[in-house]
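Please look over the sequence and the structure before reading on.

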Amino acid sequence: MADHESVNALHESHELFKREQDEQLVQWMNRRPDDWTLSAGGSGTIYGWGHNHRGQLGGIEGAKVKGPTPTEALATLRPVQLIGGEQTLFAVTADGKLYATGYGAGGRLGIGGTESVSTPTLLESVQHVFVRKVAVNSGGKHCLALSSEGEVYTWGEAEDGKLGHGNRRCARPHTLML
């Protein structure tokens with residue numbers, strides 16, 4: 001198996017994250033539900049855990065984070081939306097800015113190029129747009145963003161026309177013409 005294939009298969013292993021960790025998370029969620037909600041202003045501590053081999057936890061150190069760990073880089077942004085696909089994470093702030101972290105292959109982060117980043121990075125090409133919401137496919141390979149003006153932006157891998165504008169990969173968000 002090639003090196004990148006073995007790294008990609010890590011999320012499928014249940015050797016590190018077992019039933020005990022799932023039970024701890026459910027207990028935490030039931031005991032402290034406020035830890036699991038973001039206010040309209042986007043405040044509070046943000047925790048991350050799990051596989052982090054591509055930096056998809058937004059600034060937490062280590063490839064495998066076994067328990068809830070505060071991530072200052074995300075908390076500083078005060079996001080109103082956090083959403084991720086496999087090996088990626090996106091944050092939308094109250095002022096409509098969009099940030100990405102994680103695996104950059106195929107342009108899936110939208111920051112330009114295919115490099116991975118381990119801290120939240122502004123998508124500069126849409127900083128002039130007020131982003132309301134982001135959607136990411138479960139594999140994290142392509143994304144959509146909705147602006148306050150009703151425009152849809154897409155980026156990432158484009159096989160079979162997934163981005164809505166042909167089969168051309170886009171490393172930066174492009175407006176979808178409806």
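## Basis and confidence

The model is predicted: local features require a pLDDT of at least 70 and side-chain atom pairs a pLDDT of 80 or more, whereas totals for chains, interfaces and linings use all residues. Residues are numbered from 1 along each chain as its sequence is written, and side-chain values use heavy atoms, with hydrogens and water left out.

The pLDDT, which is the predictor's confidence in each residue on a scale from 0 to 100, averages 81 over the chain, and 81% of the residues score at least 70. Helices (H or I, at least four residues) and strands (E, at least two) are DSSP runs numbered from the N terminus. Where pLDDT is low, the predicted coordinates should not be read in detail.

## The sheet E3-E4-E5-E6

An open sheet of 4 strands has the order E3-E4-E5-E6, with antiparallel pairing; two strands count as paired if DSSP finds at least two bridges between them. Strand E3 (79-85) and E6 are the edge strands, each pairing on one side only. Neighbouring strands are turned against each other by 15 degrees on average, direction ignored; the axes are lines fitted to C-alpha atoms (for helices over the stretch in contact), and angles run from 0 to 180 degrees between N-to-C directions.

Strand E4 (residues 88-93) and E5 run antiparallel and are joined by 5 bridges, in which leucine 89 has threonine 101 of E5 as its bridge partner. The hairpin of these two strands has 4 residues between them, and its glycine 96 takes a positive phi near 80 degrees. E5 is also joined to strand E6 (residues 117-122) by 3 antiparallel bridges. In E6, leucine 122 stands opposite tyrosine 99, and threonine 121 stands opposite alanine 100.

## Strand E5

Another open antiparallel sheet of 4 strands has the order E7-E8-E9-E10. Strand E7 (131-136) and strand E10 (170-176) each have a single partner strand, so one side of each is left without a neighbour in the sheet. The twist averages 20 degrees from one strand to the next. E7 pairs with strand E8 (residues 142-147) over 5 bridges in the antiparallel sense, and valine 134 has alanine 145 of E8 as its bridge partner.

## Nonpolar cores

A nonpolar core is a set of buried Ala, Val, Leu, Ile, Met, Phe, Trp, Tyr and Cys residues joined through side-chain atoms within 4.5 Å. The largest has 19 residues, of which Phe90, Leu98, Leu123, Val131, Val134, Ala145 and Trp155 touch the most other members. E4, E5, E7, E8 and strand E9 (152-156) each supply at least two residues of this core, and E7 gives the most, with 3 residues. Apart from it lies another core of 6 residues, among them Leu74, Leu77, Ala91 and Tyr99.

Leaving aside neighbours within four places in sequence, phenylalanine 90 has contacts that include Leu98, Tyr99, Ala100, Val134, Cys143 and Trp155.

Notes. Buried means under 20% relative accessible area, exposed over 50%, partly exposed in between (1.4 Å probe, protein chains only). Contact means heavy atoms within 4.5 Å.
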